[in-house]
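Keep the viewer open and follow along as you go.

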Amino acid sequence: MPKNVSKYYWWCQIGGWGFLALVLVLSSPTINNQPITDKLIGLMAVSVLSGIFITHIFREVIRRSGWLLLPVEKALPKFLIGILFTCIGAALVRILVVDALNLVSLAARNKVNFMPRLLTTSLDSGLLIVPWTLIYYFYHYIENSRKQQLDTLKLEALVKELELKTIKAHINPHFIFNALNSIRALVDENPARARTAITELSNILRSSMQAEKLETVTFEKELNIVKDYLALEHIRFEDRLQIEYDIDEDTLDQPIPPMMLQTLVENAIKHGISKQVDGGLVKIVSDFKDDYHELMITNTGYLNGSRNGDGFGLASTKNRLQILFGQRAHFDIREVNGNTVQARVLIPADLSK
Amino acid sequence: MIRAIIIDDERLARNELKKLLLDFPEIEVIAEAANASEGVEKIDTLSPDLIFLDIQMPGKTGFDMLSELERAPNVIFTTAYDEYALKAFEVNALDYLLKPVEPKRLADALQKLQLEEDKEPISDHSISVNRSILNEHDQVFVKDGERCWFVKLSDIRLFESVGNYAKVYFGPNKPLILKSLNALEERLDEKVFFRANRKHIVNLRLIEKIEPYFNGGLLLEMKGGEKIEVSRRQTVKFKEMMSL
């Protein structure tokens, strides 16, 4: 609980009870026709202090057992029982302290038995403790619903932002227009290749639209898209792009987040191959390692630190793995052999498949 | 006839553009280049009238390549969708084509180029005696961080030496280029650009006021308000030039 909230609570407690005591003491001569005596002030002080003390314990009970988080119909009986015990507790404390301090004359005390006295004092305390509980409860009720509203709004904004970002990350418009340009040139040069290229591009567009709806896809499905993607990039880069696959067939059924491999391969082209004058190699490896499905994407090129523009693809890969597999999945990217970048994903193997 | 070079790292993209240019008989594609360094080489040896330039290329971008050139030819940029390049174009009002190129847009871009040439005929390079000297109608491409400009030399009023760089004053801008003042002096037309002192080269056509100064020197006030001192030795030369 933040410090200022607890401070606020104490001000309310002391202020509220203090104000009440002051009013009772000052109004005593007019209402009860009793003069203000030391004893009266003492009695009031005992009521106030025992009130603060007992309601504070009540508050601790409410907080520790989380009654405020319960729906109203479940919280109500608990609060009623709570109020009952608090009233009796308050009465006991008051009676004990009053007797110990000798604030009421023995004669007056002996006139009534203990049980009726406890009952009346409890009812007396109830007059204060019931409003106290109502104030406490409604304050938190309003506060909670306001916080909930705020959280919902925040969450909605976050979801929207993520959606937009993922859509953007899924297909790079630069790639689409370059592919279309290559295909247009191919129409005259190699009509058959142009036709397959259009099919490949359609596959990629379709799968990226479906990707939003699915949590995971089989590796095989994802690999097919990546193969289409790389075939298209090969039209663009020609000899500058070499492609190698090393796929363990048993891994084809493994579940992976949709478009994850695609994003990593796109990065390999965008930040690796397309920056090398002589091009290079993109290699995709999929196999089992211990209890993990291991995916490795290597490409010629250099890791250029953490430039802002490049960050999103990698950050979203990490996030998605974490959301889907928690701490059990692993992702890293590093430079090996001086001129090769290696991205590696470890996903817990799904042995049921 | 406009002699053009296509610079793009993709063979198919170059082919596609060549094919589109067949409809424009006034354009002759004299060479192609697949990256920035090849591009610089071909521009230096062939001095084309026009280049079609891709922005995203391996090694250096099209912008980087242009700022390496002594003399910037007319440029039409070509790019597939690229947020950063598009922003640069908008900021600097450069002409660009989006790939796949729409024939109509290509025609517009070429026509705009023709109009500009009619208005202010670009010096015919085959006639100019010494090609290494930059004519005042020549333009240079200046890049300073995110911003870039094509600047006509006649619009530059002042070059100021700042370490290994030179600060180029034109309009309200004064970007830095990586060139020494001595190297610049060698390339500039001495009839227009005058070395006033160790640190400054001024454009004689853009002087606002001339005043006498200490020690028989002169103080020049440029059109942009900069005050430049002419050293005593250069003052003699300056007076000679101005008196014809």
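Predicted model: local features only at pLDDT ≥ 70, side-chain atom pairs only at ≥ 80, totals over all residues.

- An open sheet is built from 5 strands of chain A, in the order S2-S4-S5-S7-S6, with mixed pairing.
- Strand S2 (241–247) and strand S6 (330–336) of chain A are at the edges with a single partner strand each, so one side of each has no neighbour in the sheet.
- On average, neighbouring strands of this sheet are turned by 15° against each other, direction ignored.
- S6(A) and strand S7 (residues 340–348) of chain A run antiparallel and are joined by 7 bridges; A:Ile333 stands opposite A:Ala343 in S7(A).

**Helices across the sheet**
- H8(A) lies across S2 and strand S4 (280–289) of chain A, and runs at about 165° to S2(A).
- Helix H9 (residues 260–272) of chain A lies across S4, strand S5 (292–300) and S7 of chain A, and runs at about 20° to S5(A).

**Nonpolar cores**
- The largest nonpolar core has 89 residues, and A:Val226, A:Val265, B:Ile51 and B:Phe52 have the most contacts inside it.
- Helix H8 (residues 219–237) of chain A gives the most to this core, with 9 residues.
- Leaving aside residues up to four places away in sequence, A:Val226 touches A:Leu261, A:Gln262, A:Val265 and A:Ile284.
- A second, separate core has 8 residues, among them A:Ile54, A:Phe58, A:Ala90 and A:Ala91.

**Where the chains meet**
- Chain A brings 17 residues to the contact and chain B brings 14 residues.
- On the side of chain B that touches chain A, 6 residues are nonpolar, 3 polar and 5 charged.

Key:
Residues numbered from 1 in each chain as written. Chains lettered and ligands numbered in written order. Contact = placed C-beta atoms within 7 Å. Nonpolar A, V, L, I, M, F, W, Y, C, P; charged D, E, K, R; others polar. Core = buried A, V, L, I, M, F, W, Y, C linked by C-beta atoms within 7 Å. Buried ≥ 20, exposed ≤ 12 C-beta atoms within 10 Å, placed from the backbone. Helix = DSSP H or I, 4+ residues; strand = E, 2+ residues; numbered from the N terminus. Pairing = 2+ DSSP bridges. Axes fitted to C-alpha atoms, helices over the stretch in contact; angles between N-to-C directions.
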